[in-house]
Amino acid sequence: NMNMNLTKSKSPTQYLRWMGCLLILLGLWTTNVNAQLNYTRSTFSSVYSTIAGTAIPGAQGDDVTGSAIPIGFSFDYNGSVYTTVAANSNGWISFTSTSTSASNPGLATTSLPNATLAPWWDDLSSSSVQYLTTGTVGSQVFTMQWVSLSYYTTSTRTINYQVKLYEGTNVIEFCYGAVSGTNANGYTSE
């Protein structure tokens, strides 16, 4: 009694088609796995507390950037570790860019600035930008603060706000102070 297993052999074209589909699926799965970053957005109730930090002369005024500002610890952002930031008078900090442009292109593009945190980004002017690192090693907090930030126009409306970076947890917080002055230009975002 003899058993035979007969299978129809696949043509080279069918084999290549099958392998191509497998490679595409594997590529999509790998890309999807690598593209997933563990970020969550949450709203919190916090009191804005003014800091008495180190002034950054290069970030005060209009369309200026102060660079190589030490964070005081290693901070992981989007899978890269940074120890310095640049602060711009238009209301953002970046881990990689020292652009002075007042324009605000999309953040998820190849246009500068990249690796950017933008709590209030527009063509602004600041009377003071300061930073301060507080806490003990392992649980420090880096705070960047913009004071009396206003639109670069005849606006008298100002706002104070901060970006906080937390050592170890890599949490990012945007904290906003009170808005003062009047809406002189009629801008909805002013």
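The questions and answers below go through the terms and the values behind them.

Author: This is a predicted model: local features need pLDDT of at least 70, side-chain atom pairs count only at pLDDT 80 or more, and totals for chains, interfaces and linings use all residues. Residues are numbered from 1 along each chain as its sequence is written, and side-chain values use heavy atoms, with hydrogens and water left out.

Reader: What makes up the protein, in helices and strands?

Author: One helix and 11 strands. Helices (H or I, at least four residues) and strands (E, at least two) are DSSP runs, numbered from the N terminus. The order from the N terminus is α-β-β-β-β-β-β-β-β-β-β-β.

Reader: Why are S3 and S4 called paired?

Author: Two strands pair if DSSP finds at least two bridges between them. S3 and S4 have seven bridges, in the antiparallel sense, so they pair.

Reader: What about S5 and S6, with two bridges?

Author: Strand S5 (residues 92-94) and S6 pair in the antiparallel sense over two bridges. The rule asks for at least two, so they qualify. Ser-94 has Thr-116 in S6 as its bridge partner.

Reader: Which strands are the edge strands of the open sheet?

Author: The sheet has four strands in the order S3-S4-S5-S6, with antiparallel pairing. Its edge strands are S3 (65-77) and S6 (116-117), as each pairs on one side only.

Reader: How do you know that S10 and S11 pair?

Author: Strand S10 (residues 158-166) and strand S11 (residues 172-180) share seven antiparallel bridges. At least two are required, so the pair counts. Tyr-161 is bridged to Tyr-176 in S11. The strands form a hairpin with five residues between them, and Gly-168 in the turn has a positive phi of about 85°.

Reader: Why is Ala-86 called buried?

Author: Buried means under 20% relative accessible area (exposed is over 50%, partly exposed in between; 1.4 Å probe, protein chains only). Ala-86 has 4%, so it is buried. This residue lies in strand S4. Of the 190 residues of the protein, 33% count as buried.

Reader: What is Ala-86 in contact with, beyond its neighbours within four places in sequence?

Author: Contact means heavy atoms within 4.5 Å. The partners of Ala-86 include Thr-65, Ile-69, Trp-92 and Thr-98. The C-alpha atoms of Ala-86 and Ala-68 are separated by 5.9 Å, though the residues are 18 apart along the chain.

Reader: What makes a nonpolar core?

Author: It is a set of buried Ala, Val, Leu, Ile, Met, Phe, Trp, Tyr and Cys residues joined through side-chain atoms within 4.5 Å. The largest one here has 23 residues. Phe-95, Phe-142, Met-144 and Leu-165 have the most contacts inside it. S3 gives the most to this core, with five residues. Beyond its neighbours within four places in sequence, Met-144 is in contact with residues including Ile-56, Val-85, Ile-93 and Val-163.

Reader: Which residues form one aromatic cluster?

Author: Phe-75, Tyr-77, Tyr-82 and Phe-95. Rings of Phe, Tyr and Trp (its six-membered ring) pair if their centres lie within 6.5 Å; planes under 30 degrees apart count as stacked, over 60 as edge-to-face and the rest as tilted. By this rule there are eight aromatic pairs.
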